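Please keep the sequence and the coordinates at hand while reading.

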Amino acid sequence: MDWRDQGFVLSTRKHGETSVILEAFTETHGRHAGIVRGGISRKMTPILQPGGQVDLTWRARLSDHIGTFAVEPLRARTAVLSDRFALAGLNAVTALLGFCLPDREPHAALYLQSRQLLDLLGQNDLWPLAYLRWEMALLSALGYGLDLSECAVTGSTESLTYVSPKSGRAVSAQGAGDWADRLLPLPPVMLGQGQAPDVEIQQGLITTGYFLSEKLAPDLGHRPLPEARARFMDRLERRIRSR
């Protein structure tokens, strides 16, 4: 059994004395793991950093074996290591993908959007909005997509202000009524409107975070979301306060 694909590194963990188990998100084979012989070497360590774009050849005797990876570097993303905001974002993306994605299940559209998001790292004026859109796409790809097309109560497409935590559907100010304090925020940025200030992006991430932690995570065995996402939210909060 063997295949060749491109992807980017999600994580590594030591295996034996000199090898690592590499987990990558690949274009056509989804989230996939394999052993990299000599993965702790001085040559391989920089290549296997989270977010690094790699060419992968996987081999195994049987398809259900963990197999081995031969790895060739395509693009390093180590330049962001000196930028705390970008590094927090990178860690949030790779940690969430490792947490959420089913093993070996292809998600070609999400892979492309994830790669494009990583390519924007360091462009801090563009990245927060791209990240919010990515979390919305992640929810959609995994079956928890938000329906923001019209109010779930009135059917109106005007004054959409909230999201129902139960259904994931938009709710207008009129439709919310006395239930407004129990609903999640729907800032204009989530509807593709306005100038996308960081404070609106933060509100949007509160909403997507609810569906990640309260809807998706329980279906994965009630594991808590990776701490890397909370650290990114903290960095975003600091950025808002400093402006």
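On the other side of helix 6, Glu 227, Ala 230, Arg 241 and Ser 242 are exposed (over 50% relative accessible area; buried means under 20%, partly exposed in between, with a 1.4 Å probe and protein chains only). The buried residues of this helix are Ala 228, Arg 229, Phe 232, Met 233, Leu 236 and Arg 239. They cover an arc of only 145° around the axis, which places them on the same side of helix 6; the arc is that of the directions from the helix axis to the C-beta atoms. Helices (H or I, at least four residues) and strands (E, at least two) are DSSP runs, numbered from the N terminus.

This is a predicted model, in which local features need pLDDT of at least 70, side-chain atom pairs count only at pLDDT 80 or more, and totals for chains, interfaces and linings use all residues. Residues are numbered from 1 along each chain as its sequence is written, and side-chain values use heavy atoms, with hydrogens and water left out.

The buried residues of helix 6 pack against helix 1 (84-100), helix 3 and helix 5 (198-219), where contact means heavy atoms within 4.5 Å. Phe 232 also belongs to one aromatic cluster with Phe 85, Trp 127, Tyr 131 and Trp 134. Within helix 3 (residues 127-141), Trp 127 and Tyr 131 lie four residues apart, about one turn of the helix. Both Trp 127 and Tyr 131 are buried.

The charged end of Arg 239 sits over the ring of Phe 85, 4.9 Å from its centre; the criterion is NZ of Lys or CZ of Arg within 6 Å of the ring centre and within 35 degrees of the ring normal.

Note on methods
Rings of Phe, Tyr and Trp (its six-membered ring) pair if their centres lie within 6.5 Å; planes under 30 degrees apart count as stacked, over 60 as edge-to-face and the rest as tilted.
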